[in-house]
Amino acid sequence: MWKKSIEVVIASLLLSTAVVTGAAQAVDSRQARATAPLVRVVAKGYSIKTYQFGATDADFGLALRNTSAHLSAVGVAVTVTFLTTDGAWLRNSFLLDGIPPGRTFYLSGTSSGNPKPRAMRVSVHVERTTQAHVVLPVIAAPTITRGALPEARVDVTDPYSAGRMLGFAPDGTLYFVYFGAGGHILGGDQVSFSQYPFPPSGSHEKYTTGKPLPAGTLHVQASADLCDNGLGLVPNCPVYG
């Protein structure tokens, strides 16, 4: 089941005024580091799926890296925009719980409506940072089941105490991202946790992609966003401790 994303429109205006007295001063290296993006898009890609009668979808995948070694990114808003050959803009937006320090989050989606993309753009905005570590569901390396309809399977473990994941799982989404030769992203898939009975705390469950893998898929990565209910961040979500 594909989870409908909610479009998040984020506009910001940054006005900074600097007053320098005396001799010119060198820019503090800490200031320079602060202006660098906390979450970077380290890989992106898509593929076009054609259905009967010529209808098409663009399946896309992203790898988002938290570049900080100490800060968690909380409320990561991601907008994927396709510029089509006829000049239209197709947007898909996501609001992720967070990304722990030094970790990569794999995000995927589908742009429908017979897209004929000629460019893919990604924007990322982090709502806030915290020194407290965001704790995401534990995901083992996905395995690929080969056959007439290849699919990916992944083992997800609930890391929270007192079975706290169980109550939030219906809002959560598991994202699969498909990689081909040279690390090129071929697309991805989403699976809602609500499709499966999630196990008690400390145990695990296997999840399978909702549709066959694209041709040329060599390996798969996956990430879980637990508390996206489509309305914004959930304050008592267990990922925040």
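Mentor: Let us start with strand pairing: two strands pair if DSSP finds at least two bridges between them. Helices (H or I, at least four residues) and strands (E, at least two) are themselves DSSP runs, numbered from the N terminus. The model is predicted, and local features need pLDDT of at least 70, side-chain atom pairs count only at pLDDT 80 or more, while totals for chains, interfaces and linings use all residues. Residues are numbered from 1 along each chain as its sequence is written, and side-chain values use heavy atoms, with hydrogens and water left out.

Trainee: Which residue in S9 is the bridge partner of Thr143?

Mentor: The partner of Thr143 is Arg153. Strand S8 (residues 143-145) pairs with S9 in the antiparallel sense over three bridges, and the two form a hairpin with five residues between them. Strand S7 (residues 138-139) is also antiparallel to S9, with two bridges; there Ile139 stands opposite Val156.

Trainee: How many bridges join strand S10 to S11?

Mentor: Seven bridges join S10 (residues 173-179) to S11, and the strands run antiparallel. Thr173, for instance, stands opposite Ser192 in S11. These two strands form a hairpin with five residues between them, and Gly182 in the turn has a positive phi of about 70°.

Trainee: Is strand S11 mostly covered or uncovered?

Mentor: The general idea is relative accessible area: buried means under 20%, exposed over 50%, and partly exposed in between (1.4 Å probe, protein chains only). Strand S11 (residues 185-192) is mostly covered, since eight of its eight residues are buried. In a regular strand the side chains alternate between the two faces of the sheet.

Trainee: Which residues of the largest nonpolar core touch the most other members?

Mentor: A nonpolar core is a set of buried Ala, Val, Leu, Ile, Met, Phe, Trp, Tyr and Cys residues joined through side-chain atoms within 4.5 Å. Of the 40 residues in the largest one, Leu64, Val78, Val80, Leu96, Leu107, Leu174 and Phe176 touch the most other members. The elements giving two or more residues to this core include strand S2 (56-66), strand S3 (72-84), strand S4 (89-99) and strand S5 (104-111). S3 gives the most to this core, with six residues. Apart from it lies another core, of five residues, among them Ala63, Val177, Phe179 and Ile185.

Trainee: What does Leu107 touch, beyond residues up to four places away in sequence?

Mentor: Contact means heavy atoms within 4.5 Å. With residues up to four places away in sequence not counted, Leu107 touches Phe60, Gly61, Leu62, Leu64, Val78, Phe94, Leu96, Tyr175 and Val177.

Trainee: How many aromatic pairs does the structure hold?

Mentor: Rings of Phe, Tyr and Trp (its six-membered ring) pair if their centres lie within 6.5 Å; planes under 30 degrees apart count as stacked, over 60 as edge-to-face and the rest as tilted. The structure holds six such pairs. One of them joins Phe60 and Phe94, 6.2 Å centre to centre with 75° between the planes, and is edge-to-face. This pair links distant parts of the chain, with Phe60 in strand S2 and Phe94 in strand S4, 34 residues apart. Phe60 counts as buried because its relative accessibility is 0%, and Phe94 likewise counts as buried, at 5%. Ring pairs link Tyr46, Phe60, Phe82, Phe94, Phe105 and Tyr175 into a cluster.

Trainee: How many salt bridges does a search of the whole structure find?

Mentor: A salt bridge is a side-chain nitrogen of Lys or Arg within 4 Å of a carboxyl oxygen of Asp or Glu. The search finds one: Glu151 with Arg153, the closest N and O atoms being 3.2 Å apart. Glu151 counts as partly exposed because its relative accessibility is 22%, and Arg153 counts as partly exposed at 40%.

Trainee: Why does Thr217 count as buried?

Mentor: Thr217 is buried because its relative accessible area is 3%. Thr217 lies in the loop between strand S12 (204-208) and S13. Leaving out residues up to four places away in sequence, Thr217 touches Ile144, Arg146, Tyr178, Phe179 and Leu186.
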